[in-house]
Amino acid sequence: MNLLITGGAGFIGSNLVRLALERGHRVVTLDALTYAGSRENLADLDANPNHIFIKGDIRDYSTVEQTITTGFNGDVFDAVINSAAETHVDRSILNATLFADTNVVGTATLLDSARRHSIKKFIQISTDEVYGSITGSGKFTRQSPYNPSSPYSSSKTGADLFALSFYHTYQYDVCITRCTNNYGQFQFPEKFIPTIITNALLGKKIPLYGDGLNIRDWIYVGDHCDGILSVLEAGQAGSIYHFGGSNELTNIDLCSKILQILAQELSIDESQLRSLMTFVEDRPGHDRRYALDWTDSERELGWKPKTRWDSGLVDTVRWYLKNRAWWEPKLK
Ligand SMILES: NC(=O)c1ccc[n+]([C@@H]2O[C@H](COP(=O)([O-])OP(=O)(O)OC[C@H]3O[C@@H](n4cnc5c(N)ncnc54)[C@H](O)[C@@H]3O)[C@@H](O)[C@H]2O)c1
């Protein structure tokens, strides 16, 4: 298929572009290259004739129109996959307007243009955070109500509602994917797992919000991307699909696990790294726990996460060890 993938120079987007090309699709990447996106993330694809990179903003209607009407070298797109977004919760607390603008207005702009030009399918990449925090041991289903806590998750909820409104209003073939926390190569160093690794390597304090007992489920980025491509193949119009890794743990346990792997990889004493763990004031509005029931995706798409938690985490730590030249300049 001919695909337009927005945000393809970011963490999930760059992994998705690579997987889509491996599966035989042709891809145009549209990305504004904000602080979070980088051409470097796609550098290995520069000579790939099935990939075109365009620097552009999804909020800019004329850029979006131009990109969508051009298609892949004149061949009409079969689908738009919107992975472009402002994604860091802490930044959303400092500047909610930017998040509303990129995540809501940008998504609406893409939806308008894609529908007007009859692009057959639109996939909106969303998040478990639209449901807010869950207590006890339950999991959110796709019937669970929206209850976002942060400006980030509120803006993602707004984007989801726009996407669903295009299905209800125009019968436009829109699917939404909601996923738990991703880990893997090319994740910007401000996010939790890269922060643990890079601060440990630099001998800097590793911040843990509040009591460190907030729980997240972690999924390997490649499994998430595989899920998105299965929605491309078999997703039903107007449907929501959940993806998760079934690897739930507290932030303290996650941090300890990563430091244990790092100590093994570097052949150093683990207690040296553990002494860097530092409790800091909790994030305002911090959700306690997220967890998604993804059995509908298994039944309807035949999807399951394939990467074993231990091996995925070791691979991720090794990637950051090997790619210091990628992450170090991003800390400045
Ligand atoms: N990372 C996770 O754990 C996670 C979990 C669930 C859902 N998601 C969702 O997946 C998507 C991708 O997340 P990520 O972690 O890869 O984010 P990221 O911050 O690494 O990448 C976002 C990309 O979007 C681009 N971008 C930002 N504003 C843009 C604009 N106005 N126009 C064009 N491009 C723009 C950036 O340059 C960057 O390349 C987001 O929609 C996010 O909400 C992420």
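A polar side-chain atom of T87 lies 2.7 Å from an oxygen atom of the ligand, which falls inside the limit for a polar contact, a pair of N or O atoms within 3.5 Å. This is a predicted model, in which local features need pLDDT of at least 70 and side-chain atom pairs count only at pLDDT 80 or more, while totals for chains, interfaces and linings use all residues. Residues are numbered from 1 along each chain as its sequence is written, and side-chain values use heavy atoms, with hydrogens and water left out.

**The ligand and its surroundings**

- An N or O atom in the side chain of K156 is 2.6 Å from an oxygen atom of the ligand, and a backbone N or O atom of A85 lies 3.5 Å from an oxygen atom of the ligand.
- Taken alone, the ligand exposes 840 Å², of which the protein buries 96%; such areas come from the Shrake-Rupley method with a 1.4 Å probe.
- The ligand is surrounded by 29 residues, each with a heavy atom within 4 Å of it, and the closest are I12, D31, T87, Y152 and K156.
- This shell divides into 12 nonpolar, 13 polar and 4 charged residues, where Ala, Val, Leu, Ile, Met, Phe, Trp, Tyr, Cys and Pro count as nonpolar, Asp, Glu, Lys and Arg as charged, and the others, Gly among them, as polar.
- At least two shell residues come from each of α1 (11-22), β5 (121-127), α5 (151-170) and β7 (181-183), with helices (H or I, at least four residues) and strands (E, at least two) taken as DSSP runs numbered from the N terminus.

**The nonpolar cores**

- The largest nonpolar core has 32 residues, and those with the most contacts inside it are L3, I5, I81 and F243; a nonpolar core is a set of buried Ala, Val, Leu, Ile, Met, Phe, Trp, Tyr and Cys residues joined through side-chain atoms within 4.5 Å.
- Helix α1 gives the most to this core, with 7 residues.
- Apart from it lies another core, of 28 residues, among them I197, A200, L259 and Y320.

**Residue L229**

- L229 is found in helix α7 (residues 221-234) and is buried, with a relative accessible area of 2%, where buried means under 20%, exposed over 50% and partly exposed in between (1.4 Å probe, protein chains only).
- Not counting residues up to four places away in sequence, L229 touches L16, L19, A20 and R23, a contact meaning heavy atoms within 4.5 Å.
- Although L229 and A20 are 209 residues apart along the chain, their C-alpha atoms are separated by 7.3 Å.

Definitions and conventions: A polar contact is a pair of N or O atoms within 3.5 Å; within protein, one must be able to donate a hydrogen and the other to accept it, and residues adjacent in sequence count only if both atoms are side-chain atoms.
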